[in-house]
Amino acid sequence: MKKLVKKRGELLIGNVIFIILNLIFLTILVVFIIKQGSGAVSLEQSYSKQIALIVDSAKPGMKIEVDMQQARNSNKEWYDSNYFDTVVFTDNLVTVKLSEESGYSYSFFNDVKVSYDIYPEGKLLMVVSEK
Amino acid sequence: MILNMRAKKGTDMMLSMYWFFILFLVTAAVVYMVGLFYGHPYDVRELEADILANSVVDCIIRNGELNSNIISGGIFNENFDSVFLEVCNFNFDSEDSFQGEIQYYGKVDIYSGIGVQNPDFEMKFGNLNIASACVIDSGKDFEALAKCSKKRVYATSSGEQYFVEVTTAVKKGEKNVNV
């Protein structure tokens, strides 16, 4: 009788450990996928293209607000101390930089002047005007 | 009884080895798929070509009327292409151009009616070498070529009705596809 209870206990512990290990494995996989999607390099590309397309379709006089919360969350420490340098407009090129060693540029064809301000809470405000 | 126990241990070992193999397969598949998905740049050329076409239409047609820079008194201005970029506020030169090559192309055809074969006015702008991309069938082999967009609208001028066709193309292959 004692032997049977012991065997049943071992069986239960074995199953629990097996399930826990599986859950850990799945968690690692999910974290890996999320990390890849919200990585600085991938976000830089997506933000610079988004901003370039917004500027292309903008008309002079427009005031545009872009939510950059995701950019802030991807590298909070770096963003908080360098937020004013994360988006830079030079002529008709927009560059987004979310870490020290990376950066992505994309050009736009709309020949307008873009005045902009970036806020520490993760917000980009652009005002489009004629050159 | 001993034989049974040995058989069970053997099966357990086989099961755990099989399980590790499955885990390895799943990990490899996920890593491969993530690499495949995030390894490709976002292709926004089609959207960009669409926006360019809309901007061209907005510029040459205002309130349904053809821009007076193109047509005046029923006569088309054949020199409009020389002032087009300035009038429409376009700048096709950029620092990220591949070897200084212009990455945009566009064509405006204005017909005096539907079914007319030859346009009354034709204007091309940007990099004319990209134009061929709009007539080649799309497919994986031609992915690095430009993406095109076409808009067809009606406009009037001095009471006359015109049919306007705008074709635009954006190359920017190195920024939008893995070349």
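**Interchain helix packing and positive-phi residues**

Asn63(B) lies in the loop that connects strand E1 (61-62) with strand E2 (65-66) of chain B, where helices (H or I, at least four residues) and strands (E, at least two) are DSSP runs numbered from the N terminus. The model is a predicted one, in which local features need pLDDT of at least 70 and side-chain atom pairs count only at pLDDT 80 or more, while totals for chains, interfaces and linings use all residues. Residues are numbered from 1 along each chain as its sequence is written, and chains are lettered from A and ligands numbered from 1 in the order in which they are written.

Although Asn63(B) is not a glycine, its phi is positive, at about 55 degrees. Most residues other than glycine have a negative phi. Asn63(B) counts as exposed, because it has 6 C-beta neighbours inside 10 Å; a residue is buried if 20 or more other C-beta atoms, placed from the backbone, lie within 10 Å of its own, exposed if 12 or fewer, and partly exposed in between. A positive phi, of about 40 degrees, is also found at Lys172(B), which is not a glycine and which belongs to the loop between strand E8 (160-170) and helix H4 (173-176) of chain B. Lys172(B), however, is buried, with 24 other C-beta atoms within 10 Å.

Between the chains, 22 residues of chain A are in contact with 20 residues of chain B, contact being defined by C-beta atoms, placed from the backbone, within 7 Å. The largest share of the side of chain A that touches chain B comes from H2(A), which supplies 7 residues. By class, this side of chain A has 8 nonpolar, 10 polar and 4 charged residues, with Ala, Val, Leu, Ile, Met, Phe, Trp, Tyr, Cys and Pro taken as nonpolar, Asp, Glu, Lys and Arg as charged, and the others, Gly among them, as polar.

Helix H2 (residues 40-57) of chain A packs against helix H2 (residues 45-60) of chain B at an angle of about 15 degrees, with the axes 9 Å apart; axes are lines fitted to C-alpha atoms over the stretch in contact, and angles run from 0 to 180 degrees between N-to-C directions. H2(A) is therefore roughly parallel to H2(B), a term applied to angles under 35 degrees. In this pairing, Leu53(A), Asp56(A) and Ser57(A) of H2(A) meet Leu47(B), Glu48(B) and Ile51(B) of H2(B), and the residues of the contact divide into 3 nonpolar, 1 polar and 2 charged. Among the residues of H2(A) that are buried are Leu43(A), Ile51(A) and Asp56(A).

How values were computed
Parallel < 35°, antiparallel > 145°, perpendicular 65-115°, else oblique. Contact = placed C-beta atoms within 7 Å.
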